[in-house]
Amino acid sequence: MFEHELQQALSERRQQHRYRQRLLVSSPQTARLDIDNQSLVNFASNDYLGLANHPDVIAAMQTAAAEVGVGSGASHLVCGHSYYHHQLEQALATFTGRPRALLFSTGYMANMGVVSALVGRGDKVFEDRLNHASLIDAGLLCRAQFTRFRHNDREQLNTLLKASTSGRKLIVVDGVFSMDGDTAPLDSYARLCADHQAVLMVDDAHGFGILGEQGGGCAQHFGLSTQDLPILVGTLGKAFGTFGAFVAGSEALIETLIQFARTYIYTTALPPSVAAASLVSLDLLQHDHHRRERLRQRIQQFRLGAGRLNLRLMESSTPIQALVLGNDSLVLQVATRLKQQGILVGAIRPPTVPEGSARLRITFSAAHTTEDVDRLLTALDVAIPLEQRA
């Protein structure tokens, strides 16, 4: 009976054209991937600055592993907090302009840990409808009252805050939305928080390294201080090119998380060699300005070319470029046609995105060349039917 129920649910997902399958990658993460004996130009990765395979980052990880081993051996609060972890936290605090930073093993764990540590019964969480799954799950599981507002709708959020009589009010949003590529109006949200005695939390997973003069992300882009934006979350597995996550904020915030965030307390610390690699990656991210400039050029080249082909892109100036086709089956068909031409893109369908908004999620890296972008545009012109264009 149990197996039959599982098979039935899997069959239904296949019929909906929403069945997920893993790709077997046999090469480093670069602008090109070897998948199933085929070399593909990679427009599906979040390695925005091309650091995942940088020789200096690799060397730092190898050196640290030879020095201190592979595993951290325990949680941070037992004996797993290494010199490399500590150094990285200090560097991230300086980078974000916050008093302190705290490492988590994953971005999902960071978001779950922060929200559950800071709010509970009697409090209220307000979240954008298009927030990442980790933020939505955190809001659902923290025991506070949970309300979602329309995407980037400041006026609805203001109305909800005015009507709220709860204890602590926590506004939680993505800095850059992972499926649309647009940015939250964080300066406006910071003013709302000041007006309504609320607290702002931003997951800037897709903003760090990309936005801001030195790659400081949304906080740097909008000029938000610790007071404006008390809880800043970032991940290391995207523009940093490594792995893990962090929270940056005040001394009191970080100490509170060390004492009460269960996803920090009760898990093994990430390998110290990963922290060592991230230190080098952070230095490259801040000082190799040409990477951000090259990335901006590739994005602009693509958007101009897509406009000439009448492709319906969502508004975005970030490396995440969404081409909405609407139909789940069509998205899979187009992604398959692109793969046959040597191009890999993300085929994103519900429930990851709202019903009727299935899309190609096309992401860019500083490692892409102008020829790569031209090849992508040519492949899209072949793969997408004329009736599906603007």
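Me: What should I know before I read any values?
Reply: This is a predicted model, where local features need pLDDT of at least 70, side-chain atom pairs count only at pLDDT 80 or more, and totals for chains, interfaces and linings use all residues. Residues are numbered from 1 along each chain as its sequence is written, and side-chain values use heavy atoms, with hydrogens and water left out.

Me: Ok, β6. Is that strand buried or exposed?
Reply: Six of the six residues of β6 (residues 169–174) are buried, so the strand is largely enclosed by the rest of the structure. Buried means under 20% relative accessible area, exposed is over 50%, and partly exposed is in between (1.4 Å probe, protein chains only). Strands (E, at least two residues) and helices (H or I, at least four) are DSSP runs, numbered from the N terminus.

Me: Which way do the side chains of β6 point?
Reply: K169, I171 and V173 point one way, while L170, V172 and D174 point the other way. In a regular strand, side chains alternate between the two faces of the sheet.

Me: And which strands does β6 pair with?
Reply: β4 (residues 124–128) runs parallel to β6, joined by four bridges, and β7 (residues 199–203) pairs with β6 in the parallel sense over five bridges. Pairing takes at least two DSSP bridges between two strands.

Me: Switching to rings. How many aromatic pairs are there?
Reply: A search of the whole structure finds nine. Rings of Phe, Tyr and Trp (its six-membered ring) pair if their centres lie within 6.5 Å; planes under 30 degrees apart are stacked, over 60 edge-to-face, and the rest tilted. One of them is F208 with F246, a tilted pair at 5.3 Å centre to centre and 50° between the planes.

Me: Why is F240 with F246 called edge-to-face?
Reply: Their planes are at 75°, with the centres 6.4 Å apart, so that pair is edge-to-face. Ring pairs link F95, F208, F240 and F246 into a cluster.

Me: Last one: what does T256 touch, leaving aside neighbours within four places in sequence?
Reply: T256 is in contact (heavy atoms within 4.5 Å) with L118 and A261. T256 and L118 are 138 residues apart in sequence but 8.3 Å apart in space, C-alpha to C-alpha. T256 lies in helix α10 (residues 251–260) and is partly exposed, with a relative accessible area of 26%.
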